[in-house]
Amino acid sequence: MRTAEHYFTVPLDHFAPGSGDGAAETITVFAREYVSSAHTQAEAEQLPWLLFLQGGPGGRGNRLASLNGWSKAAARDFRILMLDQRGTGLSTPIDRNTLPARGTAEAQAAYLEHFRADSIVADAELIRAALGSDPWSIYGQSYGGFCALTYLSFAPDGLKEALITGGLAPLAGHADDVYRATFARVAARNTEYFSWYPEDRRTVNAIASHLRQIEEFLPDGGRLTAERFQMVGSFLGGNTRVDGLHYLLEDAFTETSQGHRLSDAFLEQVQGIVSRLTNPLYALLHESIYGQGQATDWAAWRVLQENPAFQPDAEPLLLTGEMVYPWYFEQDAALVPLRHVARLLAAKTDWKPLYDRTQLAANGVPAAAAVYRDDIYVDRRLSLETAAAVRGLQVWETADFHHDGIADDGEAIFGRLLGMVRSAAVSAGS
């Protein structure tokens, strides 16, 4: 493959009066272009663009070492543009060191209002114009699918077609609805996992009991508590990752001069799962992706109180998914400096709309989505409700994949969705 790096200057606030007059504050957005070397340079320049919107929020664009899976399939017909969504990677990154430079917690919270899907879509449209592209194709995975729905809502003229995998967001309602569905899904996935690995049920209980009695510390010096340990349930969200949980647990304990302790190998791996050092935006903005005109108010934490089986002192201990709780900002050193701004974001009541239901009901952009029946992160029922509200959106519902389907068989999934939108476009044309 061949790659090219692109840097774009965009307004911090696309929606403020005079944002395009050159006087407004700007940030940098980075994107990397990937082209198959099967195409000559001249041929590649004639290929249409495919914008990939990755999951998150708060994760940088994928760094591809080679074209494989979905990218291999896409590169046959497209130039792929991999975006570092604003605030991530090389796009004016936000972390515990850079965000405080904005000033007070109130100023930081006001700054973060500009890092949701509406601003990401506005960035994409400026980038499309800068590249001289006609309406382009987009592919949204997980949170990228949420962004795709925002794109269909507010900038459909910029789109030729939209593909979505595991990312049909609820268009309305409170974040509580999302987490009620999520807790139920994660509970079922726990049951399924421990039926495969009954020995891991004993190991998880032993680790939880150990952490309640003996202090264990991660390599960064932070304490591993039972509630932080529950976060390893992130492995449960995929077919390609789920067995990694078993490998993590198999050497959890070791015998030391101080007795039975958690091993360094285990603690090192767990740190990479429970720390938000590299993607603090995930914790800061995760619930805000459901916020429209009302406060999210730590939705996952409140819904947890309705699910005592997930409490960290419960027996047996259940592992959690991608919920974000207030104590993250007390126990994770990478998030402690951001705890005040996190509270302000949770209490914010005037989030702007992320979707235009009237526009979606009149949608004319060919669109197709893969809905994974047992996805623990994006609920099937809520996804199908959204699909029904988007005119012309075709759904492929399958139980063969989980949330990480494109890591499992991305080439086939991409090909199927592209075929669906292309056939729809042909039908509409005839």
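Modeller: Let's start with Trp196, which is partly exposed at a relative accessible area of 41%. For that scale, buried means under 20% relative accessible area, exposed means over 50% and partly exposed is in between, using a 1.4 Å probe and protein chains only. Keep in mind that this is a predicted model: local features need pLDDT of at least 70, side-chain atom pairs count only at pLDDT 80 or more, and totals for chains, interfaces and linings use all residues. Residues are numbered from 1 along each chain as its sequence is written, and side-chain values use heavy atoms, with hydrogens and water left out.

Now for the ring partner. Rings of Phe, Tyr and Trp (its six-membered ring) pair if their centres lie within 6.5 Å; planes under 30 degrees apart are stacked, over 60 edge-to-face, and the rest tilted. That rule gives 22 aromatic pairs. One of them joins Trp196 to Tyr193, edge-to-face, with 6.5 Å from centre to centre and 70° between the planes. Tyr193 and Trp196 are three residues apart in helix 6 (residues 175-196), which puts about one helical turn between them. Helices (H or I, at least four residues) and strands (E, at least two) are DSSP runs, numbered from the N terminus. An α-helix has 3.6 residues a turn, so residues three or four places apart point the same way.

Elsewhere, ring pairs link Phe52, Trp70, Phe78, Tyr139 and Phe414 into a cluster.

Rings also meet charges here. A charge sits over a ring if NZ of Lys or CZ of Arg is within 6 Å of the ring centre and within 35 degrees of the ring normal. Arg201 does this over the face of Phe194, 4.1 Å from the ring centre, and Arg86 over the face of Phe115, at 5.5 Å.

On to charges that meet each other. With a salt bridge taken as a side-chain nitrogen of Lys or Arg within 4 Å of a carboxyl oxygen of Asp or Glu, the structure holds 21 of them. Arg79 and Glu33 make one, their closest N and O atoms 3.1 Å apart. Arg79 sits in strand 4 (residues 79-83) and Glu33 in strand 2 (residues 26-35), so this pair ties together parts that are 46 residues apart in sequence. Both ends are tucked away: Arg79 is buried at 13% relative accessible area, and Glu33 is buried at 8%.

Helix 16 has bridges too. Arg380 pairs with Glu397, with closest N and O atoms 2.3 Å apart; Arg380 is in helix 16 (residues 380-389) and Glu397 in strand 10 (residues 393-398), so parts 17 residues apart in sequence are tied together. Arg380 is partly exposed at 29%, and Glu397 is partly exposed at 25%. Glu385 and Arg381 form another salt bridge, at 3.0 Å between the closest N and O atoms. They are four residues apart in helix 16, about one helical turn.

Gly56 and Pro57 are joined by a cis peptide bond, omega about 0°, and Pro57 is in the loop between strand 3 (49-53) and helix 2 (70-74). Another cis bond joins Glu315 and Pro316, with omega about -5°. Ser142 has a phi near 60°, positive although the residue is not glycine. Ser142 lies in the loop between strand 5 (136-141) and helix 5 (143-154) and is buried at 12% relative accessibility. Asp297 also has a positive phi, near 55°, but Asp297 is partly exposed at 40%.
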